[in-house]
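Subject: Structure handover

Hello,

Please find the structure below, with the sequence alongside. My notes come after it.

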Amino acid sequence: MKLERNSRINQTNKSEIKSKLEEIFGAKNVTDKKHNLLPYSYDATECEPGMPDFICMVENVGQVINVVKYANNKKIPLVPYITGNNIGGLTIPQEGGVVLDFGKKMNQIIHIHESHMYALLEPGVTFGQLYKHLKENYPHLRYCYPFAPPYSGVVGNAILSGMNNLSCIHGSMGDWINGLEVVLYDGSIVRIGSCFMGDKLSVDNWHSRYPMPDLMGLFVNWQGATGIVTKCAVQLWPRKKIERKLLAICKNSAVTAEFIREIGRLEIVDDISAVSVEVAKMALGDPTPVKLDSEPDFPVILPMSAHNEQHYQVKVDLVNQCIKKIEKKYNTTIQCTDFDYFAACIGDDIRVFADLPNVITPLVEYSGLTWVGTYAPPDNLEPLIDETAQVFIKFDIPMFIYMKSMKSSHYAIFRPIIRYKKELEEERMKKATADILEVCLKYGCIPYKTPVWMAKRLQEIIDPNWLKFFKRTKKFMDPNNIFNPGRWGI
Amino acid sequence: MENRVEKEIIEFNNPRDILGMGIKNILQYRKTDPKFLNLIKDWNKTIIIGFKDIYDVTVIFKGMNIHINYGSTQDYDLWLEIGSIQTMTDLAKGDLGPISGFLTGKIKVKKIWNILVLLHFIRIFIPNLRMAGDVGELRQKGIGRRNEVGA
Ligand SMILES: Cc1cc2nc3c(=O)[nH]c(=O)nc-3n(C[C@H](O)[C@H](O)[C@H](O)COP(=O)(O)OP(=O)(O)OC[C@H]3O[C@@H](n4cnc5c(N)ncnc54)[C@H](O)[C@@H]3O)c2cc1C
């Protein structure tokens with residue numbers, strides 16, 4: 001494994017940089033020891049590793065301002081890092097430099113505004129932390145949870161437009177950001193959203209993102225390449241009295257795709273998460289599952305919430321009516337029942353997909369984990385499933401597809417996932433993910449949390465004017481290319 | 001009588017189909033209960049549990065072994081068809097009893113003349129399914145979930 005890439009930091013001025021970093025962060029928060037750097041040099045994916053030169057544990061905004069000013073002056077790369085769980089190699093340094101770790105010491109829930117329903121967070125807050133805080137102190141409010149482990153970052157996922165268990169009603173997490181505080185390349189601080197009004201220390205003015213020009217786009221999905229976020233306000237939602245789930249089982253790609261689209265359009269379920277039956281069997285203890293002929297292809301979990309029993313029952317009836325229509329159209333049967341009781345029958349372990357946040361064991365039990373996670377046109381789910389299945393077969397990998405309806409089926413998530421043994425199988429998996437990417441691109445999918453190698457492939461087919469504008473924007477936001485350089489393959 | 005099998009354990013195979021895994025899970029709810037062990041021991045019967053519109057699972061009771069196989073066989077003592085996974089969860093919840101299941105056609109039986117086998121299997125299966133129902137009820141109330149705060 002080749003770790004040393006061309007770091008921009010040359011060995012001669014390393015000790016000078018170290019002294020400056022120690023001055024900014026305190027000696028105990030700075031390290032350049034190889035064994036400390038190593039965990040930041042790779043992730044679970046096939047993305048090429050790369051060593052940083054320093055790790056700094058960030059504690060406050062002042063430190064961020066000082067380090068950015070210094071780095072900009074010296075053209076030193078800064079790689080912002082929370083927990084590195086993005087599954088896209090997005091915190092692997094491409095040109096060495098300083099990893100700014102926000103996960104360990106800059107992780108306060110600054111404020112929950114109960115009536116305006118938002119949480120003001122430091123970058124390092126995790127899903128588990130926010131979940132526990134709300135449950136214990138604001139049980140009438142809720143946030144969303146992805147399939148990601150509870151120890152992964154909320155802000156990291158918001159600024160990467162992650163998807164979660166409220167995505168069918170509310171869409172991508174990027175849409176739910178009310179405001180950001182960001183340190184720009186020259187060390188100035190900018191506050192985006194309604195927080196631009198009033199006292200800058202106020203925690204009460206983070207209620208909305210519009211109606212001014214939406215500058216949030218300069219930071220969302222940029223993978224830390226345009227500025228350093230130091231605060232982020234995320235929308236919370238009222239928690240309804242009843243929160244239950246339905247479980248449906250669908251037989252083939254056409255039926256599953258229609259089910260995801262049509263149930264999404266009903267606008268009554270919080271989320272639709274479809275996983276291949278193989279994945280359900282992984283959770284139930286089969287390490288190398290194979291789909292048997294008559295097994296249904298996709299179990300689908302439908303989290304739903306309602307104000308009371310009557311409201312819930314109306315929703316269930318509407319889901320069942322929609323199912324009847326699909327059954328008729330496709331001459332099929334879709335079985336549907338209460339998830340809690342189904343799970344108790346089939347095996348409690350299946351709950352890993354439902355009790356979020358949670359460690360989804362099938363996702364983390366191998367040393368390697370990768371996926372081609374995409375935003376997909378809902379109409380193309382059927383060929384996507386069928387053609388991706390062929391790639392899984394070609395590479396002899398258990399089929400693992402995860403799909404969602406987003407924002408009432410305006411768009412969908414299509415995410416084929418591969419678990420593998422990192423040392424043994426990486427080369428084969430690289431080929432498999434490359435093949436899957438081609439299928440996805442063919443059907444108009446756009447990869448999210450885009451690894452560099454995928455971004456480079458994307459650049460070959462996208463509008464060149466978009467790319468030119470994108471590069472100009474990066475140059476404007478980061479003239480010395482210090483913020484996570486190399487991301488998006490530019 | 002009960003002491004006779006107290007120390008014995010039921011040996012299960014590892015079914016690799018999803019419904020077979022479920023049947024195993026249900027049968028395991030009372031796997032250490034001496035009364036249950038007595039019902040299982042040397043029963044030596046083959047039962048097919050069919051899930052309508054999905055597929056059949058064959059459960060072979062032999063000595064202290066329970067083998068759960070994907071698909072069906074010609075050589076069975078009883079064939080029970082469960083109308084849907086909703087019927088299964090209704091049985092678990094207690095919203096549907098086995099008798100009303102038969103009467104309403106939500107559960108169908110072949111070789112009904114083996115009434116003793118049917119009754120014996122009901123005594124094996126239904127209390128376990130009801131225990132699953134209890135677990136489902138707890139989970140619905142938020143008890144024992146994997147994300148339970150303070151768990
Ligand atoms: C098993 C597993 C399952 C997952 N399932 C899902 C899922 O279902 N849905 C989903 O959406 N995600 C999922 N994820 C992805 C993951 O949870 C998110 O991407 C993650 O929460 C992002 O947070 P992080 O702490 O990992 O951020 P990091 O990976 O540390 O950072 C994310 C990005 O933000 C940048 N960044 C970090 N801090 C800052 C800052 N202060 N300012 C500016 N930029 C910054 C980084 O440079 C990087 O580009 C899953 C991950 C795993 C491991």
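The notes below cover the ligand site and then the contact between the two chains.

This is a predicted model, in which local features need pLDDT of at least 70, side-chain atom pairs count only at pLDDT 80 or more, and totals for chains, interfaces and linings use all residues. Residues are numbered from 1 along each chain as its sequence is written, chains are lettered from A and ligands numbered from 1 in the order in which they are written, and side-chain values use heavy atoms, with hydrogens and water left out.

Ligand site

The ligand is surrounded by 38 residues, counted as near if one of their heavy atoms lies within 4 Å of it. The closest are Pro80(A), Ile82(A), Thr83(A), Asn85(A) and Asn86(A). By class, the shell has 22 nonpolar, 14 polar and two charged residues. Here Ala, Val, Leu, Ile, Met, Phe, Trp, Tyr, Cys and Pro count as nonpolar, Asp, Glu, Lys and Arg as charged, and the others, Gly among them, as polar.

Asn86(A) has a side-chain N or O atom 2.6 Å from an oxygen atom of the ligand. The protein buries 99% of the 970 Å² that the ligand exposes when taken alone (Shrake-Rupley method, 1.4 Å probe).

Chain A against chain B

In all, 42 residues of chain A are in contact with 34 residues of chain B, where contact means heavy atoms within 4.5 Å. The two chains bury about 3300 Å² between them, 58% of it on carbon and sulfur atoms; buried area is the accessible area (1.4 Å probe) that two parts lose on being put together, summed over both. In chain A, the residues that lose the most area to chain B are Gln335(A), Tyr341(A) and Cys345(A), together 23% of what that side buries.

There are three salt bridges between the chains (a side-chain nitrogen of Lys or Arg within 4 Å of a carboxyl oxygen of Asp or Glu). Asp286(A) and Arg16(B) meet in a salt bridge through their side chains, at 2.8 Å from N to O. By class, the side of chain A that touches chain B has 19 nonpolar, seven polar and 16 charged residues.

Regards

Methods: Polar contact = N/O pair within 3.5 Å; in protein donor to acceptor, adjacent residues only side chain to side chain.
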